[in-house]
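User: I'm new to this one and would like to learn how to read it. Could you walk me through a few features?

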Amino acid sequence: VITNIAYICQISNFDSNFGLELRCGNNEKTIIFYDFHDKKIILDRSNSGENFGLEYGTQRKVSFINSKIKFHIFMDNSSLEIFVNDGEEVFTSRIFPSENSKGINVFSTGNAKVNITKWNI
């Protein structure tokens, strides 16, 4: 069972794509990332574990332009809430990864300054 977890991830000085892989493990991950070229934030749950609601798609996208981006993330066993820049945009999703998928990865295809803090809540 996954504990309720909160992250604050602040990204600045970026010049390319960047993001987070949440609930990683067993070839599973849920991705929130910024597409620098298209100026969009994308939530991708195509590899988030047990599939459901596929008729509605596995990605959510929103246009977003800002020189600094903050993801405030709340997760538990199956729910995911992501507040972008204190609520300018919000993503809500259900995910069903295996119990062993507990990792988090930060990635960038170029330069980015990243500060991340985690809390068990």
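User: Leaving aside neighbours within four places in sequence, which residues is Ser 78 in contact with?

Analyst: Contact here means heavy atoms within 4.5 Å. With that rule, Ser 78 is in contact with Ser 93, Arg 94, Ile 95 and Phe 96. One of these partners also shows up in a side-chain pairing: the side chains of Ser 78 and Arg 94 make a polar contact at 2.7 Å. A polar contact is a pair of N or O atoms within 3.5 Å; within protein, one must be able to donate a hydrogen and the other to accept it, and residues adjacent in sequence count only if both atoms are side-chain atoms. Before going on, note that this is a predicted model, where local features need pLDDT of at least 70 and side-chain atom pairs count only at pLDDT 80 or more, while totals for chains, interfaces and linings use all residues. Residues are numbered from 1 along each chain as its sequence is written, and side-chain values use heavy atoms, leaving out hydrogens and water.

User: Is Ser 78 buried or exposed?

Analyst: Buried means under 20% relative accessible area, exposed over 50%, and partly exposed in between (1.4 Å probe, protein chains only). Ser 78 has 15%, so it counts as buried. Another serine, Ser 101, is buried too, at 0%, and its side chain makes a polar contact with the side chain of Glu 28 (2.5 Å).

User: How many disulfides does a search of the whole structure find?

Analyst: A disulfide is a covalent bond between the sulfur atoms of two cysteines. The cut-off used is a pair of cysteine sulfur atoms within 2.5 Å. The search finds 0. Cys 9 is buried at 1% relative accessible area, and Cys 24 is buried at 12%.

User: Which residues touch the most other members of the largest nonpolar core?

Analyst: In soluble globular proteins, nonpolar side chains tend to be buried together. A nonpolar core is a set of buried Ala, Val, Leu, Ile, Met, Phe, Trp, Tyr and Cys residues joined through side-chain atoms within 4.5 Å. The largest has 22 residues, and those touching the most other members are Ile 32, Ile 41, Ile 69, Phe 71, Ile 73 and Ile 82. Take Ile 82: beyond four places in sequence, the residues that Ile 82 touches include Ile 32, Leu 43, Phe 71 and Val 90.
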